[in-house]
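Please keep the sequence and the structure in view while reading.

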Amino acid sequence: MGDMDTTGAFIRKKRATFAAGRGGASLRPMNGKNTAAFYRSVAAADSKAGGERREADPLLEAARSKTKSDKKKRSNDINDRFCCHKPQESLLSSSSGFSNYRGILNWCVVMLVLSNARLFLENLLRYGVLVDPIQVVSLFLKDPYSWPAVCLVIVSNVFIVVALYTERQLSKGSFSEHVGLLVHFVNMAVMLTFPAAVVLAVPSMTPVGGAFVLGTYTILFLKLYSYKDVNLWCRELSRMKVKKLARSLSCPSPQYSNGDDCKVCYPGNLTIRDLYYFAFAPTLCYELNFPRSPNIRMSFLLRRLFEMLFLIQMLVGLTQQWMIPIIQSSMKPLEDMDLSRMIERLLRLAVPNHLLWLMFFYWFFHSSLNFTAELLRFGDRQFYKDWWNSESVTFFWQNWNIPVHKWCLRHFYKPLLRRGFSKIVSQSAVFFLSAFFHEYLVSVPLRMFRLWAFMGMMSQLPLAWLVGHYLRGNYGNAAVWISLIIGQPFAVLMYVHDYYVLHHRQEAD
């Protein structure tokens with residue numbers, strides 16, 4: 001018994017010494033409840049020691065990883081010696097799933113620049129430098145003491161005030177809905193006819209100035225029509241006592257706050273400030289509360305301003321240097337030209353016209369509208385979509401001008417569907433409305449009515465049907481591009497011919 005006690009004491013002493021040497025913990029016997037604590041301290045000491053060894057030996061770990069990578073590389077090298085093929089498609093096959101054609105796109109851009117550089121050099125050698133900043137001013141002002149375009153833009157404020165006054169009277173019940181509708185109808189009818197009559201009657205109004213004025217009045221017409229509709233919808237919902245409406249009558253009269261969480265409610269939106277914000281906002285569809293950006297980004301604003309100034313100079317310079325000589329050379333009656341000569345002039349006009357159209361698209365829909373939106377903290381910046389990928393004519397018209405598309409969909413197309421008209425009839429009515437405004441913006445400033453723009457827009461209906469039924473994918477996209485490149489210069493050539501016959505031939509006679 002004495003030997004056994006001596007042996008047990010020796011073992012306990014050895015375990016305690018081992019625990020103290022490994023973990024640096026206090027010496028405790030290994031019986032009873034302290035056994036689990038002992039093993040936990042030993043495990044912690046092992047892990048700590050292992051971590052210290054790993055930190056102390058980074059070279060050993062690097063050597064091990066290098067050995068593994070060398071083994072994997074030798075294994076791959078051996079496999080490559082025996083197997084170098086696997087089932088795969090060529091990159092240019094449609095089934096390969098490859099879509100990174102950035103290098104081919106860059107090649108196309110380089111070829112486009114080189115080809116147009118050659119044409120530009122030929123133009124300089126033949127005509128010299130034709131860019132004249134003074135001539136730009138004469139496009140807007142024929143008489144320096146008569147500014148009819150500026151006066152018409154100022155007068156447009158009268159129509160804004162009339163629309164606001166009418167809506168206020170309707171909200172108070174002073175006007176019935178029929179009377180309010182009649183006042184809006186007269187206001188908008190005068191808005192379209194009055195500037196057109198001034199453009200046609202005033203001799204000092206230039207075609208460019210007239211187009212600018214009529215474009216301004218057309219935009220204002222579409223905005224006030226949307227303003228009328230939205231306020232009408234608010235009154236209808238208020239009468240129906242729809243409590244789920246966010247703009248309910250429970251909100252007091254006009255409320256504005258520096259915070260972005262404050263919402264304006266009907267009829268609190270019927271203020272000068274609200275209507276003029278909408279008048280300058282880059283949208284045609286009215287809302288009581290537009291999405292707003294948190295602040296104005298000065299770097300973004302300055303970039304857009306630089307693009308606007310640079311591109312407008314490029315547009316004016318290329319028009320004077322490139323487009324005008326081609327148009328002047330095309331100012332001959334069609335009876336004096338054979339078919340081949342006419343096609344040759346059409347193709348000569350196609351490239352510069354299309355290039356200027358693309359530059360104008362970027363200048364207006366990206367640079368100008370984003371500049372205005374940033375300045376007004378307007379949140380919705382989707383002014384266009386990927387129309388360049390259009391595989392149908394319908395997709396192009398739905399995506400290249402989002403503000404107009406939203407207006408047509410919200411205030412014209414869907415109301416026609418709700419009244420029982422079919423989709424075909426409604427789509428045709430939308431194209432008819434667009435054709436009317438295209439002709440209005442071209443024929444009135446030129447003071448001649450030939451319906452080329454109107455027929456060009458209406459011809460989009462059969463073209464959309466043909467492309468949609470017989471062409472798919474890349475073929476449809478090519479058809480859309482061809483219609484853009486050839487269609488617009490053809491209309492320009494027709495107007496140039498008629499303008500020459502109407503003015504220059506009379507001067508020659």
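Buried, as used here, means under 20% relative accessible area, while exposed means over 50% and partly exposed lies in between (1.4 Å probe, protein chains only). The model is predicted, and local features therefore need pLDDT of at least 70, side-chain atom pairs count only at pLDDT 80 or more, and totals for chains, interfaces and linings use all residues. Residues are numbered from 1 along each chain as its sequence is written, and side-chain values use heavy atoms, with hydrogens and water left out.

**Overall make-up**

- The secondary structure comes to 17 helices and zero strands, where helices (H or I, at least four residues) and strands (E, at least two) are DSSP runs numbered from the N terminus.
- Of the 509 residues in the protein, 33% are buried.
- The accessible surface comes to about 32,100 Å², of which 65% belongs to carbon and sulfur atoms; such areas come from the Shrake-Rupley method with a 1.4 Å probe, and for residues only the protein chains shown count as cover.
- Among contacts (heavy atoms within 4.5 Å) with a separation of 6 or more, 71% are between residues 24 or more positions apart.

**Nonpolar cores**

- A nonpolar core is a set of buried Ala, Val, Leu, Ile, Met, Phe, Trp, Tyr and Cys residues joined through side-chain atoms within 4.5 Å.
- The largest such core has 58 residues, and those with the most contacts inside it are M191 and L224; helix α8 (residues 207-239) gives the most to this core, with ten residues.
- When residues up to four places away in sequence are not counted, M191 touches F159, Y217, L220, F221 and L224.
- A second, separate core has 17 residues, including M308, L315, L318 and M323.

**Salt bridges**

- Seven salt bridges are counted, each being a side-chain nitrogen of Lys or Arg within 4 Å of a carboxyl oxygen of Asp or Glu.
- R235 and E167 meet in a salt bridge at 2.8 Å, N to O; the pair links distant parts of the chain, with R235 in helix α8 and E167 in helix α6 (residues 148-172), 68 residues apart, and both residues are buried.
- R235 also forms a salt bridge with E177, the closest N and O atoms being 2.8 Å apart; because R235 lies in helix α8 and E177 in helix α7 (residues 177-201), this pair ties together parts that are 58 residues apart in sequence.
- R235 is buried at a relative accessible area of 6%, whereas E177 is partly exposed at 29%, and E167, E177 and R235 are linked in a network of salt bridges.
- R297 forms a salt bridge with E374, with the closest N and O atoms 3.0 Å apart; R297 lies in the loop between α9 (272-280) and α10 (298-329) and E374 in helix α11 (residues 339-376), so the pair ties together parts that are 77 residues apart in sequence.
- Within this pair, R297 counts as partly exposed at 41% relative accessibility, whereas E374 is buried with a relative accessible area of 1%.

**Individual positions**

- T218 is placed in helix α8 and counts as buried at 7% relative accessibility; leaving aside residues up to four places away in sequence, T218 touches F437, Y440 and L441.
- A478 lies in helix α17 (residues 473-508) and is partly exposed, with a relative accessible area of 36%.
- A478 and E391 are 87 residues apart in sequence and 7.8 Å apart in space, C-alpha to C-alpha.
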